[in-house]
Every structure is written in structure tokens, then in C-alpha cells.
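These are my notebook entries on one structure. I looked up its strands, its ligand shell and a pair of helices.

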Amino acid sequence: MKRIAFFIPFQGCGRRCVYCDQGAITGVRPGGDFLAPETVRSVLLSQVSPVELCFFGGSFARLESRLMMSYMDTIRFAPEGSRITFSSYPGDFEGDIGALVLEKLKKYPIGTIELGLPSLDPVVLRRCGRDDDPEKIKETIIALRDAGFRLGAQIMIGLPGQTAESSMLDVETIASLMTGARGKTWDLRIYPCLVLRGTELESLYRTGQYVPLTLEEAVRQTGALLLYSESLGFKAIRVGLLESDALRESVIAGPYHQAFGELALSEKLALDLSSKVSRKGQKDSQKPWEIDPKKISQLTGHGGRGINRLAELTKIPPETVRGLLVIRGK
Ligand code: SF4
């Protein structure tokens, strides 16, 4: 289904998380032109087949109630079968206000509710300026799941106080809450933490209180996380922030790369292939790796990063690795 995304930078956010600058991330200036529901409606009226109407960049479920309903009501002008997808802060669904929001949402065709779940570690959450009770976050996930909504998780790596192990534990915890949910597969977005100009994280970085991951560390963590999360039933729909001039100009430090997602996929594939090598080493058995033709560039691209990494992981020389790669169907 075609996705049409509208950005509502920082709208509905009850806080400013230390790393966040939605202006740089979405390319839409916060407090700039107001997104009128009429604008959404006219875009939907021009569609000929069902669409996924998306609202990202803020905390949709905590928008002023009338505005939220106006945005959702526009779905009536979209072709039949269209759905609404949005991102929100987990705390939006807590308490009496949260319960009211849930009741309203049930009246609309909701595609996916993407929850911002950068971490479930209370120390990391606190250092990021977010609510720091993981139990409440889990209760929200369960409440949304039991109400029949399909969920997505937006997780992060390299946050202040976060480790590779805690990220792995987070996806494991979220996956354990999928049982009994509508749709066995939940969407997953993974974002590496970048130091963006004007954020509180910039001050922490400049005073030495925050050290970002290197690009290689971030790629390795993300590749491992992708492999593990897919084995747990997640469907990765985005890795790394959307590349734009606004983002490029705003990054001060951190694992920024225009093709971060591709690098992470090369790491994931190298890890996956290396896990198929016998203890004695594939070199001894000379058993080739069969590669999906669509994935070969993940090994050969970016100066053969995937091949070199596979060589490093298996201790097989890169030239031998190349000879052991067989494109499936050829
Ligand atoms: S991370 Fe989410 S909740 Fe936090 S400031 Fe950014 S958009 Fe708002």
C-alpha cells in the first residue's frame, strides 16, 4: 500500500528528549507552516487506490484532541481500504486521558501505531530526558496490543548510558510482548544516536559527558540487532535516519553515513553467513555460500565491506571468500 507521510515536528510532545531535533530529522521546521487538515484532505482526494496515511515527527496521540480528530477524519476522503499510521510517545496512552485516546482510535482504520521505544533501560531513559519506568511502557504495549492494534517499535542505539547488550535485551523484551497480537510481525525502525546541533546532547558531547559510537561500532551493533530482531519476528522497515540536507547540516558528531542502512545490512549478512561456518572453518570443507542475487551488493558494495567483514569473522582470506560466494539460481 502506498504510504503518504505528513510531518508534525514536535507537536504533541510533552518534552524535548535530549537527542531530538525533529526539524533536522523531518526537514520540516518546527513551528513553521501549520499542517492544515484541509491539506491532508486534498492530497487524499487525489488518490486512486488505498493508501497508508502517516503522521510522523511528533506525538500524535497527544495532539490537542480536536486537531487529532480532524487529521483522522480526513481518512474519509481517501480510497476505501486506506489506513492511518502514526508515531507516538508511549506515555500518551497512560491514565484516563490515554484510555480516552484509545476509545477514539478504535473508531478509525488504524494501520500501525509506531511507539518511540529508544530504550527500556531506566538509566538510559532518564539520561535522555524521557519517562523512566519501563514497567509503564510495557503496560502501554500490552494495552495497545490487547485492544487489537498493530504495533511498530522505533528503537535507538548508542544513547547515553546504552550498551549493545541493553539494546539486545530491549528487542527481546518487546518481542516477548508480541504474543497474541494482531499480526505476528511488528515493524521495527532502528536509529543510531547522532549529536544534532542545538540539542541538549550537543552540550553533553561538548563537555565530554557523552561519547557517541563510532560509525563502525554503530554498524556492527545495528547489524547484530537486525539479525536478532528478525529472528524474533520483527520486520525491519527502516535503518538509519532519512538522508536530507537538513540532517547533514545538523550533524555535529556520531555515526552518520549517507548509506548507514546498507552498511548495517552488509554487517547483518556477514554475521549470518559466518554463523554457517563449521567450527573447523568453511575453508576446509570448501562448501560455498549461496547468496540471493538481490543481496550480493550487500557484500560487494562500499569497497567490498561485507566480504572483508566476512573474512574477518571467519578468518578466511577475502580472495577465498569471494570464490566461495555463489549467486543462487546461476
Ligand atoms: S523523541 Fe519523540 S517524544 Fe521525544 S522530543 Fe522527539 S518526537 Fe518528541
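**Strands and the sheet**

I began with serine 88, whose bridge partner in strand 4 is leucine 115. The model is predicted: local features need pLDDT of at least 70 and side-chain atom pairs pLDDT 80 or more, whereas totals for chains, interfaces and linings use all residues. Residues are numbered from 1 along each chain as its sequence is written.

I then noted that strand 3 (residues 83–88) and strand 4 (residues 110–116) run parallel and are joined by 4 bridges. Strands are DSSP runs of E, at least two residues, and helices are runs of H or I, at least four, numbered from the N terminus; two strands pair if DSSP finds at least two bridges between them.

I traced an open sheet of 7 strands with parallel pairing, in the order 1-2-3-4-5-6-8. Strand 1 (2–7) and strand 8 (234–239) are at the edges with a single partner strand each, so one side of each has no neighbour in the sheet.

**Ligand shell**

Which residues are around the ligand? I listed Phe10, Cys13, Arg16, Cys17, Cys20, Gln22, Gly58, Ser59, Tyr89 and Gly116 (C-beta atom, placed from the backbone, within 6 Å).

**Two helices**

I found that the axes of helix 9 (residues 215–231) and helix 11 (residues 260–274) come within 8 Å and cross at roughly 60°. Axes are lines fitted to C-alpha atoms, for helices over the stretch in contact, and angles run from 0 to 180 degrees between N-to-C directions.
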